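Today I'm opening my notebook on charged side chains and how they pair up. I'll jot down what I look up as I go.

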Amino acid sequence: MEKIGFNDDISETLLINLYFRSLENEVKEPILRDEFSGKIVKKIDYDFAKFEAGDLSRVGVIIRAKFIDDALVEFAKDNDEVVIVQVGAGLDTRPLRLESVCPNAIFYDLDLPDVIVLRDKLMPKAKKNFSISSSMLETAWMDELKAKHPNAKFAFALEGVAMYFEKEVFKEFFLNLAKRFEGIVALDLINNFAANMDSRKHDTLKFMKKRVDFKMGIEDPSEVEEWDKTTIKHLKTGTMMDMHKNRWSLRGRIFGLIPAFRNSCRMFVFGLNLSK
C-alpha cells in the first residue's frame, strides 16, 4: 500500500471524494457507477473509516459527481471534437468513467505537480488521457491547450474546487477561460451561508490535519454572468438537496427544508462564448 504524506501541495480533501465514490459502487442501485475508485483506495494506507459518519457529504459527493458527469456527456454528444479538462483533478476517475460514452473526447487532468505525481502513480489512464502539472491560476496551460486543439470545444470540470479560492482570484481564473475557449464550465458553488460555516463542524473536513477554510460564496448564478455578460451564460442549475431524496438521511431531509441550507451547495453549468 502507498503511504501518502500530506503537505501544502497535497490536501487530504482529495481522498474524501475518492472514498465515497468507492462506497457508492457497493450500493445496490448506485447514483454513480465507478468501478475504479475502490481499486485505488486499496492501494492507499490511510484511515478512510473516519469518513463513514459523514452521511451528508457521502450523498452530496456522489450527486455532485453525477451532475458534472452528465453535463460533460451531454456536451460531448453535441460536439464532434471535445476536450475535457479536470481542473483540480485530485484522484478523480472521471476519464475512466466517461471514455466509453465520450469516444470523441480527449481528457486532461490538471493539478499541482505533487498531486499529478501521486495521481499518475496510483491511477490507470484512459486511452486519450493526459496530465498537466500546473496551478489552475496560470495561463500558460490554457494557451497551450488552445494552440494544440484550435478547433475543439472545451469542457472544464471543477469539482469541490471553487470554494477554496477568494472570489476575485476565482473570477480572474474564470475570465481567463472565457477569453480563450468556447465551451462549458461545470462546477459546484456554495452560498454565503456555507462559506461562513466553521469547517471544523463539517462532517468530513473536521478530520483534516490542516484546517480547511471556505473562501467564496455565490448566492446566484447571475453573479458569475455579471463577470462578463458577453461571454458567460448560465445554462443549468442542480440543487443538491433536491436530488435523489431517497438517499438523504432524515437529518439531511430536515436540513433540506431550510432555504439557506438547501441552497448551501448547488451545481451549475456555464457556457463560454457559445453564442459565437
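Which residue's side chain meets that of Glu159 in a salt bridge? I looked it up, keeping in mind that this is a predicted model. The partner is Arg94, with 2.7 Å from N to O.

Next I checked where the two sit. Glu159 is in the loop between β6 (153–158) and α7 (167–180), while Arg94 is in helix α4, so this pair links parts of the chain 65 residues apart. Glu159 counts as buried, because its relative accessibility is 8% and the cut-off for buried is under 20%. Arg94 is buried as well, at 1%.

Then I looked at Asp69. This residue also forms a salt bridge with Arg94, and the closest N and O atoms are 2.5 Å apart. Asp69 belongs to helix α3 and Arg94 to helix α4 (residues 94–98), 25 residues apart. I noted Asp69 as buried too, at 4% relative accessibility.

My next stop was Asp188. Its side chain meets that of Arg64 in a salt bridge, 3.2 Å from N to O. Asp188 lies in strand β7 (residues 183–190) and Arg64 in helix α3 (residues 55–77), so the pair ties together parts 124 residues apart in sequence. Both Asp188 and Arg64 are buried.

Finally, I wanted the wider picture. Salt bridges that share partners join Arg21, Asp34, Arg64, Asp69, Asp92, Arg94, Arg97, Glu159 and Asp188 into one network. For the whole structure I wrote down 22 salt bridges.

Definitions and conventions
Residues are numbered from 1 along each chain as its sequence is written. This is a predicted model: local features need pLDDT of at least 70, side-chain atom pairs count only at pLDDT 80 or more; totals for chains, interfaces and linings use all residues. Side-chain values use heavy atoms; hydrogens and water are left out. A salt bridge is a side-chain nitrogen of Lys or Arg within 4 Å of a carboxyl oxygen of Asp or Glu. Helices (H or I, at least four residues) and strands (E, at least two) are DSSP runs, numbered from the N terminus. Buried means under 20% relative accessible area, exposed over 50%, partly exposed in between (1.4 Å probe, protein chains only).
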